[in-house]
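Dear colleague,

Here is the structure that I promised to pass on to you. Please open it beside this message, so that you can follow each part as you read.

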Amino acid sequence: MQIDLQSLLGSRSAIMKMEQLVSLCKRRGFLFQSSEIYGGLNGFWDYGPLGVELKRNIKEAWWRDMVTSHDDLGVAAGAPGVYAMTGLDCTIIMHPQIWKCSGHYDLFHDYMVDCRQSKKRYRHDQVCGRWVAAKGQRIFATAQEGDEAAEQMERQAMKFFHFRAKDADQMQWDGPVVSLTKVDDFSQVLGPDAKELGTLTEPREFNLMFKTYVGALSGEEGAAFLRPETAQGIFVNFKNVIDSTRFRLPLGIAQVGKSFRNEITPRNFTFRSREFEQMEIEFFCHPSQSAQWYQYWRDRRFAWYTELGLAGQRLRLRDHDPDELSHYSTGTADIEYAFPFLAEGEFGELEGIAHRGDFDLRSHMEGKLDPNTCPLAVETGEDGKPKWRGSGKDLSYRDDLTNERYVPHVIEPSAGADRATLAFLCEAYTVDQAPDEDGKMQERVVMRLHPRLAPIKAAVLPLVKKDGMPELAQEIYRALKRHFNVFYDEKGAVGRRYRRQDEAGTPYCITVDGQTMADRTVTIRDRDSLEQWRVSVDDCVGEIRGRIMG
RNA sequence: GCGGGAGUAACUCAGUGGUAGAGUGCUAGCUUCCCAAGCUGGACGUCGCGGGUUCGAAUCCCGUCUCCCGCUCCA
């Protein structure tokens with residue numbers, strides 16, 4: 001009992017913390033609800049003046065750390081060998097066939113039926129059943145597809161007719177087990193978990209991809225989708241990148257961009273948004289080395305979050321269980337964060353690192369592969385032909401040193417930019433104690449963002465608005481502004497200005513005081529420790545740069 | 001999709017049918033040589049939106065949107 005109570009209190013304080021964070025985000029301009037003046041739009045969020053800088057810094061840190069600053073001449077720590085990195089920027093709307101071959105079309109186009117009684121939801125095509133008659137009534141007893149479907153169907157029917165086990169032979173089964181898709185009239189259908197007939201709704205399309213129409217006058221033939229992930233744009237451009245550059249494998253191709261999914265339940269602030277931004281790498285390598293590369297990327301990506309401040313118990317790397325994996329994948333790991341809005345002990349995904357084998361490239365060559373086959377084979381329709389035809393283009397790679405030709409295997413570190421932003425915000429939000437002017441400890445809200453990520457790198461403040469301090473402070477401000485996003489503030493008491501910067505996550509405050517006028521030194525205040533030290537006016541740029549770069 | 005709660009100033013909230021409030025924040029001036037200080041001023045509201053009842057609605061009724069919580073879902 002005590003444990004329950006504690007976890008309840010724990011989650012309540014976590015919810016309160018989350019509410020305070022949401023409130024701060026609104027108040028200070030990190031995040032706003034989309035279309036707010038019109039009442040908002042479920043699942044869409046806007047980044048305000050501070051938020052846009054934070055998110056940009058996260059994306060830029062990712063791009064710099066993964067792509068532009070990558071040393072392709074030496075072997076990175078933990079890497080199996082040298083490799084190259086490059087980038088790409090694809091369109092959001094692509095050829096509709098791409099989503100058929102990627103598998104998104106099938107997965108995102110399920111028809112669902114809801115049970116009004118049990119409140120359960122089923123995939124229309126995964127409910128099967130059989131006609132059965134007894135006591136002068138003929139019903140369609142159903143169950144969810146699976147090994148025990150037949151027994152469950154029978155149990156459902158027995159319950160419905162109020163039969164005991166010994167009466168089972170009074171039920172007359174009629175015809176084979178068929179899919180619910182073969183039944184048009186649901187009035188005589190007994191849902192898999194229902195006690196009465198006719199509780200299932202009509203099948204409704206669950207269109208998890210956003211549909212749009214290409215061409216001003218187009219009908220269904222112009223139907224297309226907003227991409228649900230950036231990855232496919234990289235796969236379909238793999239040959240272009242190889243042909244237009246002198247890159248050799250192993251090669252990683254990175255992309256940052258918006259993706260769109262009709263989440264069923266947008267919730268938890270920006271965690272589950274319908275329009276979101278991804279930071280994805282598709283890393284192409286020789287099949288024999290793919291397992292090592294997978295390990296490398298898994299560890300490398302985890303370390304990236306750690307270095308930027310998501311250290312500690314709230315971040316974890318979780319390897320998927322073997323039975324969670326597709327058989328063609330030798331590994332998938334999630335980097336997860338214990339968001340405050342989740343229950344105690346629960347984690348939410350920030351990034352997935354997946355070993356995808358050659359599934360994607362081959363699907364775009366030959367036609368959509370059936371992930372349940374081994375070895376992978378093209379999924380066929382009822383006519384025996386490929387269900388979804390591939391491009392027919394050869395996407396294999398020829399190693400011009402060994403002359404070996406192969407379809408590369410792919411490691412996919414796929415990160416959510418908005419989720420990372422949210423995690424950094426959650427991690428940064430801190431309430432601590434700081435002394436007021438009387439030395440009394442007061443509550444202080446401070447966003448302890450990593451200096452690299454902080455929207456504003458430094459604030460320049462004249463201690464008082466006289467004695468030439470504003471003029472000198474403005475001079476320093478202009479010098480810094482050429483290099484970083486900095487903020488100038490001369491209004492009001494300095495303590496208030498410090499606290500304002502604390503809430504914005506500004507790591508350093510540069511203050512011009514009486515001594516500055518004498519010896520051209522200023523104080524620099526550290527956001528987290530509240531320590532101050534003196535630096536020459538001319539060294540400010542170097543001092544801030546050194547500290548931001550870490 | 002279901003059930004529960006909520007929506008009033010930038011933020012947190014009070015306001016049970018009769019002139020829309022408080023605290024914080026914001027802002028101007030004075031003061032102030034280091035952490036939300038003091039003094040004197042100032043601005044800020046279609047009470048989520050739409051409709052209805054009423055002489056009169058933030059308040060009652062209906063609809064709708066959004067947020068939070070619990071289910072469901074999470075490829």
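**Helix 13 and what covers it**

In helix 13, which spans residues 540-549, the residues Cys540, Val541, Ile544 and Ile548 are buried, where buried means under 20% relative accessible area, exposed over 50% and partly exposed in between, with a 1.4 Å probe and protein chains only. They lie on the same side of helix 13, because they cover an arc of only 95° around the axis, the arc being that of the directions from the helix axis to the C-beta atoms. An α-helix has 3.6 residues a turn, so residues three or four places apart point the same way. The cover over the buried residues of helix 13 includes strand 25 (458-462), helix 10 (469-481), strand 27 (508-512), strand 28 (521-526) and strand 29 (532-536); contact means heavy atoms within 4.5 Å. Helices (H or I, at least four residues) and strands (E, at least two) are DSSP runs, numbered from the N terminus.

Before going further, please keep in mind that this is a predicted model, in which local features need pLDDT of at least 70 and side-chain atom pairs count only at pLDDT 80 or more, while totals for chains, interfaces and linings use all residues. Residues are numbered from 1 along each chain as its sequence is written, chains are lettered from A and ligands numbered from 1 in the order in which they are written, and side-chain values use heavy atoms, with hydrogens and water left out.

Strand 27 and strand 28 run antiparallel and are joined by four bridges, and Tyr508 stands opposite Asp526 in strand 28.

Strand 15 pairs with strand 16 (residues 332-337) in the antiparallel sense over five bridges, and Leu317 stands opposite Ile335 in strand 16.

**Aromatic rings**

How many aromatic pairs does a search of the whole structure find? The search finds 25, where rings of Phe, Tyr and Trp (its six-membered ring) pair if their centres lie within 6.5 Å, and planes under 30 degrees apart count as stacked, over 60 as edge-to-face and the rest as tilted. The rings of Trp62 and Trp63 are a tilted pair, because their centres are 6.2 Å apart and their planes at 45°. Trp62 is buried, with a relative accessible area of 1%, whereas Trp63 is partly exposed, at 28%. Ring pairs also link Tyr83, Phe283, Trp293, Tyr296 and Trp297 into a cluster.

With kind regards

Notes: Pairing = 2+ DSSP bridges.
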